[in-house]
Each structure stands twice: as C-alpha cells, then as structure tokens.
Amino acid sequence: MKTIDNTREFYDICTAGNLTYKQKLLHLAQAAENSIDPIERPKEADYFFEHGGIDYMCEGNAPYRPRYICPDYGKLLAQGSEFLRLEPATTLDDALWNLAMAYDNVPSVTSRPVYVGQLDRMLDPFLDGHSDEEVRSRLRRFLNYIDRTVASGYCHANIGPEETRAGRLLMEVEQALANAVPNFTLKYDPAVTPDGFARLAAKTTLTCANPAFANDRIHRETYPGDYTVVSCYNVLPMGGGAYCLDRLLFPRLADMASSVDDFMDNVLPSATGALLEYMNSRIKFLVEKSNFFETSFLAKEGLISRDRFCAMFGVAGMSEGVAKLLGLPDGRAYGTDDEANDLADRIMRQVYKQVLEFPAVYSEVSGNRFTLHAQAGFSDMPGVTPGVRIKVGDEPEVFYDHIRHSARMHRFFNAGVSDIFPVEPTAKSNPDAILDVVKGAFAVDDKYLSFYSSNGDLVRITGFLVKRSEMEKFARGEAVLADTSHDGEGNWRANDLVDRKVRL
C-alpha cells in the first residue's frame with residue numbers, strides 16, 4: 001500500500017475562505033482517504049491515468065462505501081429500524097420524520113444520500129384524512145429540510161409513472177419552493193401516465209426545472225426488480241446501487257492516437273481493458289476489505305442487498321473526441337456531420353461489445369457485467385462535453401433532429417444517459433408542447449430529457465440542478481450552502497453552458 005503526502009492540501013482546505021465548515025469536513029475526509037493508495041491496478045491503467053484518458057471520478061483511492069446507494073425506503077417505513085430505534089410509520093408525520101432521520105445515515109461518494117426515495121408511492125398511503133393544504137404544509141417543511149441538510153444537487157427523488165395524489169401535491173409544492181435539492185425525475189410512460197399528470201409535470205419543470213422525464217418503458221427492463229434514478233441520471237437497482245463509476249475520456253484518448261485506425265485498433269481497446277480491470281480491483285477492495293456491507297445497518301436490516309449492486313462504465317467527451325480524430329474543420333461537427341456521427345456510433349459499438357464481454361465481479365444484478373453510462377462530467381473540465389451529448393454551439397437547428405441524434409446514441413447506455421434543453425420562458429403557457437416533445441422522443445427510444453426556463457434562476461449543469469444566484473456568490477468568493485454550486489460554477493464557465501441553444 002502506497003502513502004501520499006498531501007499535507008499542503010490539508011492546510012489549504014483548513015484555511016479556505018469560500019468553504020463552509022461542513023464542506024471543509026467533507027474535503028478533509030476525502031484528502032485523508034487519498035493519502036493512501038491500496039488498490040492494485042494494471043500498469044496499462046497507470047499509463048492511461050497519467051495521460052488523462054481514464055479517471056475514477058473523485059471516488060477516492062480507498063473506496064470504503066459504494067459510490068451510490070439506493071435504499072428501499074418503503075421497507076424502512078413498513079418495518080421501522082432497530083439501528084435508528086424507529087417504529088414502523090403509521091402516520092404521515094411518522095413517515096416524513098422517519099425518512100428525514102434515515103437520510104442523515106445514508107452515505108455515498110458525496111457523504112450524503114444521492115437518493116431519497118420514490119416519494120409519491122411511499123407517502124401516498126399516509127395521506128388519507130388530511131386535506132390537500134395540510135399535506136402541502138408538511139411537504140413544504142420536508143422538502144426544505146432535504147434542501148437545507150442534504151444540500152447537494154446530486155440528490156434525487158422519483159415519482160410516477162402512475163398518477164398519485166402525493167405525486168401531484170409534491171409537484172405543486174415544488175413549483176412554490178423552487179429548491180435545487182432534491183432533483184425530481186418523473187418515470188414517464190404514455191401508456192400508464194395520464195396526460196393531465198404529465199402536463200402538470202411539464203408545467204412544473206418550466207417553473208422550477210423539476211422534474212426531468214425518464215423513459216419508464218425502457219428503464220424498467222434494466223434490472224430484475226424496481227429501479228431508481230439518482231445523481232446525474234444514473235439508472236440503478238432499487239435496494240442496491242453502484243459500487244463505482246469510472247470513465248473513458250475520449251478527447252484525451254484521441255490525443256494519444258496517431259490516426260482513427262490506431263485509436264480503434266490500439267488505444268481504445270487498451271484503455272477500455274485497463275479500466276475494466278481497475279474497476280474490478282476497486283470492487284474487490286470495497287466488498288472484501290472495507291467491511292461496509294458487514295457493518296452497515298442498511299444491509300443488516302434489508303434496506304440494501306450486496307447482490308443488488310453493480311458498477312457503471314462511463315464515457316465522456318464524444319463530441320470533442322471525434323472532432324480530434326477526424327480533424328474536423330469549422331462548419332463540420334458531431335451532431336450534424338454524418339462522418340462524425342458514424343464514427344461515434346462505431347466507437348460506442350466497440351466499447352459496448354468489449355464491456356459486455358468482460359466478467360464483472362460481485363455484479364449479479366446486472367448479469368455479472370458492468371452497465372454503461374454516458375457520464376455527465378463535473379467541475380471545470382474544459383473540452384469534455386458530457387457523455388455523448390452534442391457540444392454547446394454545435395446543436396442542430398431543428399429540435400427533432402437533435403432528439404433523433406440523441407436517441408441513436410442513447411441505445412448504448414442502460415445505466416443512464418440524458419440531454420438538457422433550455423426553453424423559451426413563453427413555453428410555460430403551453431406545457432403541451434413540452435409533453436409532445438417528450439412523447440415524440442420516447443417513441444424513438446430516447447431515454448431521458450430535462451428542461452429549464454432559459455431565464456430562470458434554476459439551471460441544469462451536467463445533470464444536477466443549481467441556482468445561478470448561488471454560482472455567482474461562489475464565483476465572488478462567498479461560501480454557499482450547496483457544494484454542487486462549486487461544480488456548477490466551474491462547468492458553467494468552462495463549457496459555455498449559458499450559450500446552449502434555446503428551444504421551442
């Protein structure tokens with residue numbers, strides 16, 4: 001096991017003027033984790049790490065908890081918790097407070113929960129006997145609690161696909177609060193979700209950038225049992241989660257290749273193979289050495305199960321990667337150029353095949369294979385457009401051309417892929433237009449769409465939601481509550497997100 005002297009990093013964190021106490025605590029914990037390096041990795045992986053062709057997404061050198069955890073909170077409400085000394089919930093107040101206490105004890109790569117549950121299904125049985133206003137009052141306090149304590153835009157709640165009273169009231173409260181946390185995802189299926197409920201979702205997202213729309217018809221076939229949507233649109237098994245999310249960075253790999261053939265025949269398969277082996281090493285440490293599953297009350301009480309965890313193999317920067325490989329001149333770009341689009345398709349077919357042929361350890365829920373994720377990117381990494389999205393400024397003029405391109409690439413990713421569209425503020429008066437876009441996109445197997453008003457304070461970055469006003473405060477050197485505003489501000493600048501093409 002190697003040790004690393006990062007004393008200066010500790011000092012810089014302790015003396016930072018734009019971090020809160022809690023944020024310093026989290027940064028110090030990660031710096032301490034990174035002072036050791038116990039994971040064995042193939043030499044090829046070292047080579048690609050050094051050249052920036054692969055990375056492990058800030059997971060830390062010594063993974064002592066899974067990256068993303070998706071507890072079965074419905075089971076918690078039904079059975080209570082011996083560890084937390086909670087009785088089964090019998091009232092709405094019981095349910096809300098039991099959930100609030102559980103959230104503070106659910107870790108992740110951010111040290112806070114990235115998933116707070118399928119809130120509509122869990123809460124709906126407790127609404128009988130309460131008026132709508134009584135429920136709204138309680139939900140306002142509950143959602144504000146999540147926003148102020150979890151305080152991370154990577155936190156997600158799910159609703160749908162069925163219409164519920166709780167789902168309707170949650171969206172109505174969201175419109176009034178306009179919080180950045182939690183993100184909401186509507187699992188949407190036109191055959192199941194009534195138009196009126198979906199229309200309310202469209203109206204809500206044009207007001208406060210929530211919820212996003214997930215193609216439930218496709219996603220519910222991903223795993224045995226129920227699924228969740230968390231963080232930057234990660235599709236994961238309910239009652240389990242993701243050990244890790246590690247990724248290929250196509251622009252950096254393109255820099256390492258002498259030609260398209262060299263990239264396809266040598267660089268790409270070598271980098272993919274090295275990352276696959278490294279992911280297995282991380283999982284083995286987590287399962288065999290860290291004692292997480294042996295010590296977590298979540299596992300002991302059946303809220304999670306080790307055999308419902310898998311790992312996500314991510315990719316990012318397709319747009320810049322193919323542009324470098326082809327030497328595209330001005331006027332030609334991934335998204336609108338046939339040669340660039342065909343090369344992207346060829347790259348993903350090769351990665352998809354290699355990943356699905358590789359035996360992943362401790363990954364029973366996904367057939368002992370890694371799942372694929374179009375990694376959304378984070379922080380201030382310039383020149384790496386998230387996943388397989390089209391680079392800002394290169395978007396097709398026709399909205400439906402953009403969606404058809406997205407659907408073509410979405411087919412490779414079973415663990416999460418998404419697109420983000422700012423829309424004209426006037427669209428708020430016509431939510432049916434948004435609903436028509438979603439229906440058309442999902443009919444061609446697009447998997448995930450999110451929208452926000454182009455002039456609103458709430459904006460999507462790579463997937464997570466932040467407030468422009470909070471990013472501006474952080475840019476001025478002020479401390480802000482949600483540390484995703486840190487990631488958001490860097491990415492907003494680095495990737496020119498203010499210039500996204502406005503639709504409708």
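The side chains of D12 and R8 form a salt bridge with an N to O distance of 3.1 Å, the term denoting a side-chain nitrogen of Lys or Arg within 4 Å of a carboxyl oxygen of Asp or Glu. The structure is a predicted model, in which local features need pLDDT of at least 70 and side-chain atom pairs count only at pLDDT 80 or more, whereas totals for chains, interfaces and linings use all residues. Residues are numbered from 1 along each chain as its sequence is written, and side-chain values use heavy atoms, with hydrogens and water left out.

D12 and R8 are four residues apart in helix α1 (residues 7-14), and are therefore separated by about one helical turn; helices (H or I, at least four residues) and strands (E, at least two) are DSSP runs, numbered from the N terminus. D12 is partly exposed at a relative accessible area of 36%, while R8, at 59%, counts as exposed; here buried stands for under 20% relative accessible area, exposed for over 50%, and partly exposed for values in between, with a 1.4 Å probe and protein chains only.

Over the whole structure, the search finds 38 salt bridges. In one of these, the side chains of R306 and E364 meet at 2.8 Å, N to O. Because R306 is placed in the loop between α14 (297-300) and β12 (309-316), and E364 in the loop between α16 (338-356) and β13, this pair ties together parts that are 58 residues apart in sequence. Both partners are partly exposed, R306 with a relative accessibility of 22% and E364 with 38%. The side chains of R408 and D342 likewise meet in a salt bridge, at 2.8 Å from N to O; since R408 belongs to helix α17 and D342 to helix α16, parts that are 66 residues apart in sequence are tied together by the pair. R408 is partly exposed, at 31% relative accessible area, as is D342, at 41%. Salt bridges with shared partners also join D132, E133, R136, R140, R165, R168 and E172 into one network.

An open sheet with mixed pairing is formed by six strands in the order β5-β6-β7-β8-β15-β14, where two strands pair if DSSP finds at least two bridges between them. β5 (115-118) and β14 (419-423) are the edge strands, each pairing on one side only. Direction ignored, neighbouring strands of this sheet are turned by 20° against each other on average; axes are lines fitted to C-alpha atoms, for helices over the stretch in contact, and angles run from 0 to 180 degrees between N-to-C directions. The pairing of β5 with strand β6 (residues 156-159) is parallel and extends over two bridges, and Q118 stands opposite N158 in β6.

T385, located in the loop between β13 (371-374) and α17 (399-410), is buried, with a relative accessible area of 7%. Its side chain makes a polar contact of 2.7 Å with the side chain of E320, such a contact being a pair of N or O atoms within 3.5 Å, of which, within protein, one must be able to donate a hydrogen and the other to accept it, and for which residues adjacent in sequence count only if both atoms are side-chain atoms. Apart from its neighbours within four places in sequence, T385 is in contact with A316, G317, M318, S319, E320, I390 and K391, contact meaning heavy atoms within 4.5 Å.
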